[in-house]
Amino acid sequence: MASSSLVTGGAGYFGTLLVERLVQAGERVRIFDVNEAVEAPAGVERIRGDIRDAAAVARACEGMDVIHHNVAMVPLAKDAHAFKSVNEGGTLNLLRAAHLAGVKKVIAMSSSAVYGAPDRNPVDDATVPRPQEAYGKAKLAAEVLCHEYSKKGLDVTIVRPRTIMGHGRLGIMQILFEWVRQGKNIPVLGRGDNLYQFVHADDLADACIKAAARPGSTTYNVGTDRFGTMRDTLEGLVAHAATGSRVVSVPMSPAVAMMKVTSRAGVSPLGAYHSLMYGRSMYFDLARTRRELSWAPRFGNVEMFCDSYDWYLGHRDEVLTRHGASHHKSPVRQGVLRAVGWALSFAAP
């Protein structure tokens, strides 16, 4: 008999992909999301509700074997209250309901933001999480709740992904893709020599499904094993696009200061995490994840950026008229970045 899986956030970018993969694997799937899951495959049960509504969450958990918990208020929202109420409070509702419903396994999606800007790389099991902005702090608080419920007997595995890419990934990346499409220059901070790891959504879904099949509460860091500097990644993308875009350097300290000021003023879509990490190195040690899950990533940084860009080109008209979707499935207002894009046309590589 097929097992039953609940995907919270199943109408979001990664949730949509994960639902498709679970259906392909023969799972009986239920979605719980505040947004309408219009792209769900036939036969998938859809429950529309808010993760902050404990009663609705309890109903969604009834009869489930596995829960993939992906609901999150993402950094683009720039809403500290929502980070706490959704990412922390919503996770508490989910864990409480899963425990009472006798769910066999919970996969809780966290974030590399719990590490803030790490003192050393690679980040491994010995690295102590030290988030430095509201989103990361709420995500770490949710992890603490997962550990508490593990002690109560609920089998919870935490997955921490690096920045997710792949076909359909929009949000702040939509601005990057639009600039490349138009042949605009793309900035890196300083020389752009910070080593930065991403993860393709397909590889992340593989890791989540494998983690769901492995008993025992633990934590897995997930990213690609083929990555280089931020400049390497973006130069690979612009070479693939061949639109005339170049990767150009901008002074790091003034750029970060401007990112912080414009974000707080509400005239830029960038959040605190973007200004914290865009010019810094961060990458995971994947040894234990690979070994325990018998998992390996298929996509490198450049491959996943090109995949995401090509999808955007093929779906751009649909994307620009999309309304009511999650942050990572929607276009983003450029705000002050529109002027930045114009100014970069005068910058040297």
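Me: Is serine 294 buried or exposed?
Reply: Serine 294 is exposed, with a relative accessible area of 59%. (Buried is under 20%, exposed over 50% and partly exposed in between, using a 1.4 Å probe and protein chains only.)

Me: What kind of model is this?
Reply: This is a predicted model, where local features need pLDDT of at least 70 and side-chain atom pairs count only at pLDDT 80 or more, while totals for chains, interfaces and linings use all residues. Residues are numbered from 1 along each chain as its sequence is written, and side-chain values use heavy atoms, with hydrogens and water left out.

Me: Back to serine 294. Where does it lie?
Reply: Serine 294 is in the loop between α10 (287-293) and α11. (Helices are DSSP runs of H or I with at least four residues, strands are runs of E with at least two, and both are numbered from the N terminus.)

Me: What about phi of serine 294?
Reply: Phi there is near 50°, which is positive in a residue other than glycine. Most residues other than glycine have a negative phi. Alanine 242 also has a positive phi, about 55°, and is not a glycine. That alanine 242 sits in the loop between α7 (230-241) and β11 (247-250), and at 63% relative accessibility it is exposed.

Me: Which residues does a cis peptide bond join?
Reply: Asparagine 121 and proline 122, with omega about 0°. Most peptide bonds are trans. Proline 122 is in the loop between β5 and α4.

Me: New topic. How many aromatic pairs are there?
Reply: A search of the whole structure gives seven. One of them is phenylalanine 177 with tyrosine 309, edge-to-face, at 6.0 Å centre to centre with 65° between the planes. (Rings of Phe, Tyr and Trp, with its six-membered ring, pair if their centres lie within 6.5 Å; planes under 30 degrees apart are stacked, over 60 edge-to-face, the rest tilted.)

Me: Which helices do phenylalanine 177 and tyrosine 309 lie in?
Reply: Phenylalanine 177 is in helix α5 (residues 172-181) and tyrosine 309 in helix α11 (residues 301-320), so the pair ties together parts 132 residues apart in sequence. Phenylalanine 177 is buried at 0% relative accessible area, and tyrosine 309 is buried at 3%. Phe177, Tyr309 and Tyr312 form one aromatic cluster.

Me: What sits over the ring of tyrosine 149?
Reply: The charged end of lysine 152, 4.1 Å from the ring centre. Arginine 162 has its charged end over the ring of tyrosine 196, 4.6 Å from the centre. (The rule takes NZ of Lys or CZ of Arg within 6 Å of the ring centre and within 35 degrees of the ring normal.)

Me: How many cavities of 30 Å³ or more are there?
Reply: Two. (A cavity is a set of points on a 1 Å grid over the protein atoms alone where a 1.4 Å probe fits but cannot get out, and lining residues have an atom within 4 Å of a point. Points are joined across faces, edges and corners, and volume is the space filled by probe spheres set on them.)

Me: What volume does the largest cavity have?
Reply: About 80 Å³. Its lining includes His69, Asn87, Lys139, Glu143 and Cys146. The elements giving two or more residues to that lining are α3 (80-101), β5 (105-109) and α4 (134-151). The most comes from α4, with four residues.

Me: And how many residues line the second largest cavity?
Reply: Eleven, with Gly10, Ala11, Thr16, Glu39 and Ala40 nearest its centre. The second largest cavity holds about 40 Å³ of space.

Definitions and conventions
1 Å grid on protein atoms, 1.4 Å probe; cavity = no way out; pocket = protein on both sides within 12 Å on 5 of 7 lines; lining within 4 Å.
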